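Hello,

Here is the structure I said I would pass on. My notes follow below it.

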Amino acid sequence: MKRMAFPLLILTALAVAQGPLEKLKLALDHLRGPAHQGVYLLQVERPGSVRTYRLKVYADGDRAHLRVLEPKSEAGQAFLSLGEDLYFYDPRLGRTLRLPPTGRGERFLGSDLTYQDLLGRDLEELFQVGEVQGVLVLTPKPTAPTPYGRVEVYLKDSLIERILYYDQRNQAVRELKLSAYHRLDGAYLPREMELRDLQRPGYRTLLRIAEVQAGPVPERCFNPLYLERGC
Amino acid sequence: MLRLAWRNLLRTPGRSLVTGGVVALVVFLSLVFLSVYAGAFDAFYRLLLERTGHLVVRVEGYKEKEDLEGLAFFPPELPLPAGARVEGVMEGGALLIAGERSRAVVLTGLEAEGLARQRSLLRSGRLPRASGEALLGEALARALKVGLGDEVVAYAPGSLGLGAYAFRVVGLVDLPETHLEARTLLVPLKDAQALLAPGRVTRLEIRLSGLGLYDLKPLEEVKASLSPHLEGLWVETWLEANPIYAALLPLYDAIMAVYVGIFFVLGGLILLNALYLSLVERVREFGLLAALGLAGGRVMGLVFWESLLLVGVAGLVGMGLGLLMHLELADGFRLPLPQWILEQYREFGLPEVLYGRLGVREILLTWAYAVGVGILAALWPGYLASRLEPVEAMRYVP
Amino acid sequence: MSLLKLAWRNVLRQRRRTALLSLVVVYVTVAVLFLFGFLDGYGESLVEAYARYVEAPVVVAKAAWWEDPDPEHGLEDFPDLTHPWVQAQSPRFSQYALLRSPYRLEGGVFLGVDPEGEKRLSQVPYKVVQGRWLQGPGEVVLGYRLAERLDVRVGERLVVETGKGALGFRVVGLVRAGVGNVDFTGVYGHLEDARQLAGRKVQATHLAVGVPKGKEEVAAKALNRILPQDLLAKGVWDLMGPIRADYEGSRLFYVPLMGLFMVLAAIAVVSTTYVSVRERLREFAVAESLGLTPARLAGQVALEAALTSGVGLVAGLLLGYALLWYTSTHDVFGPLMRLSVELLPEAGLSEHLYTSLRPVYALYASALVGVSALLALLFPGRLVLHLDVSRYVKGE
């Protein structure tokens, strides 16, 4: 997949001329950002408790390698997404496992974010894109394996500001808010990601970028064999 | 009156013996039937009790909750009576992966005692002793094409713990129900907790000692004493936790009464016949008795006494034999059916060896039927006897 | 006067006696009829459930698949099944899958079928209570209890995943078959989708074959003779699960019990006959002195016993068949069966049980008459055989 680096003005101009699918593709490109490594903070809020993880991340827009640095009890866990395949390593398990396709819809580290939210491009693959008054309205393709009935993507200057997930009974069930887009090496990366479970009050997950460094990522980082020891 | 009745019975020893034999047989069969059925019924319920425990503590409103977060809780300290044991169980759905194949299973983490209880179901291998060891249902192992020593990975989405865990198959269990067996993975509690929800359980099973199978009152008492300590949790008896089985229990008595009734109706009709024949054979005597002043009511009474005496003696014999048989059954028996059928019955939770049970209630039921039948069968012949015209009766020629 | 008429007249002479005795015979006859009707009805409901809902009258698959029902052992091509008894055939593809609705996740068996082919073999397509049956790929039909458990409605999407892939299906219909397995666990989709999910080159896992009712076992045997070595055909009785044991066990248990009932009734008949003969020993003595052989007299006794029980038999047959007719058209056991289905949803039980109504039961019940006659020969008959004619004729 090609990623193009455009200044903001040209971007906006082009956005007007693009169809909904192109808009979505572009927006998703911006979501994933350029090739970079960094430290992310994942904060999982529940009624009465908050868990915070510190993650080391290596990503190149299509693939991503995440490692848990803190808390100490969970440190050493690592995840690798290579498009279709999802691998993970846990020191307590002592080995690397490949998760079945069913895995992508599951929660990442027990938070409200799924692997799909973080790493996948399901929105583009599984949905048909239409546009209604500037909002991208996604409906599932006929045999798409997704539980959602409708997804609304709110853009601001071709950057995704908000994604609202609806179930098949027209009820909004999840809300993803992205903010603080950071210009990085000609591309964009949201520094803050907030996911709220609309069906359960008090359930919220925040993902913030603490440090980031653009630049090519060594190829070995995207090799499952390196999940255990890191790269 | 009694002596007269007795003598009359003895005068046709053949028929009295045959009729008495039929009554005795009916009583005997009823007792054996009741004992056998109670044995089977108890076996089902005992299995249920063994699996469930006497009392179960779960999250309030657990029936509506689906996700692990809602169902798992930190086990509180509970004040239990002496001799009671409490075990924590962590159970959740997981995907079990072995090479190319995978199956959705119910992963159950048990404490050492819980695992030890699986010993009788163990078909090969041994019980898990250390972390990372697991028991698989035989059918599950077949479906996944794994055997002892092989590795399986349990992947539990939506968990609060690790989310995935590898186990080595150290033992295979044979559960009665194959479809349950194909979904069963038993592991040490700590592993299940690490995988699903550290420190928590999805239920607490409380087992009391020295209780009979249907002793529910002590359970209610313990329930009451535990309630104040259970915040956000519910405690249920094993029957409340299995409502369909609870619904069956009262039905059982009704069904047994009908079954035994069917036997006794036959016995009663045969008795009726015998009493009538006896009357027919002695019409002249009855006529004489009537002429001598025995009132209609007393003649009727004579017939009743004959009936009750016959039923009484035969009933005693039948009961004696029945109780003897029951003593044999109580020691353990197998239904007299081909082996392949017994094995299949295990699928429904019926073990091959059953133990007969006969309580006071069942014996009273049988006696009640016997006496009832004795009285009812005598009604018509008694009525006829009381209405005999002495002169005509004395001159009766068949 | 023929023996028969004589015997009949004697029977009629003692109306009350015969009537009372008939109560016993009627009771036992009705019991025998009802029991056989019930047992056969049970058997028929199992056959119907497995042949028309859960499986098929005959199923052909690789021998390896019977041992290990995985698509790994599926059929790459279909065997030639030309045989006069084969009425219909349709390929099926069953595989284990995860069923994921937006709200729940469960394991189950996804059955890929040919929607039109199924209509000729199975009753399931006709039991859709909401929505409709399958028409093409991308659709799925669920048992209504499964749909409740998964919390998914007609028109919504269900995701089906196997280790090889995942597909979203639109739920187009819900079935309510009244058979536990279908209602509680049934998932029906198109054959094409099943193939895609399995990600293998197999065309199907097994073939459902329709054969005339009652011919399932012989048809399977016949097919096994013409099928290649690695394929095996099984008739419906071999496809049933453990419930078959309950059926066979019930027969083994209750039929002897009915035999006992009949013997007891025969004893009652003979008892009455005995009294009747005793009362008329003088008549018999006279008859013998007039030239009738003891054997013929004994025969008459037996005939009387047969007729006495015969009266009750006829009444019992009328009553019994009337009862059976009622229970074969009205679902008297409905509530009991529904409870059983709740308890054992995967056993192949149906929500209804209708008794059978077969003429052969009359034959079974009439054994009573035979036994009565036989016993009558042995006991009261003996009285007549060893008659000391002179004693009676003298008027003692």
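What distance separates the centres of domain 1 of chain C and domain 2 of chain C, taken over C-alpha atoms? The separation is 49 Å. Before the rest, two notes on conventions. This is a predicted model, in which local features need pLDDT of at least 70 and side-chain atom pairs count only at pLDDT 80 or more, while totals for chains, interfaces and linings use all residues. Residues are numbered from 1 along each chain as its sequence is written, and chains are lettered from A and ligands numbered from 1 in the order in which they are written.

Chain C, domains

Domain 1 of chain C covers 3–50 + 243–393, and domain 2 covers 58–210 (the bounds come from an automatic or database domain assignment). In domain 1, 11 residues are in contact with 6 residues of domain 2 (contact: C-beta atoms, placed from the backbone, lie within 7 Å). The side of domain 1 that touches domain 2 has 6 nonpolar, 3 polar and 2 charged residues. Here Ala, Val, Leu, Ile, Met, Phe, Trp, Tyr, Cys and Pro count as nonpolar, Asp, Glu, Lys and Arg as charged, and the others, Gly among them, as polar.

Chain C with chain B

Contacts join 32 residues of chain C to 32 residues of chain B. On the chain C side, the elements that each supply at least two residues include α2 (15–54), β2 (88–100) and α10 (243–279). The largest share, 12 residues, comes from α10(C). Helices (H or I, at least four residues) and strands (E, at least two) are DSSP runs, numbered from the N terminus. By class, this side of chain C has 19 nonpolar, 5 polar and 8 charged residues.

Chain A

Chain A has 4 helices and 13 strands. Its radius of gyration is 17 Å, which agrees with the value near 17 Å for a compact globule of 231 residues (taken over C-alpha atoms; the rule is 2.2 Å times the number of residues to the power 0.38). Buried residues make up 36% of the chain. A residue is buried if 20 or more other C-beta atoms, placed from the backbone, lie within 10 Å of its own, exposed if 12 or fewer, and partly exposed in between.

Backbone details

Most residues other than glycine have a negative phi, and most peptide bonds are trans. The bond from A:Glu70 to A:Pro71 is cis, with omega near 5 degrees. A:Asn170 has a positive phi, near 65 degrees, and is exposed, with 8 other C-beta atoms within 10 Å.

Regards

Conventions
Contact = placed C-beta atoms within 7 Å.
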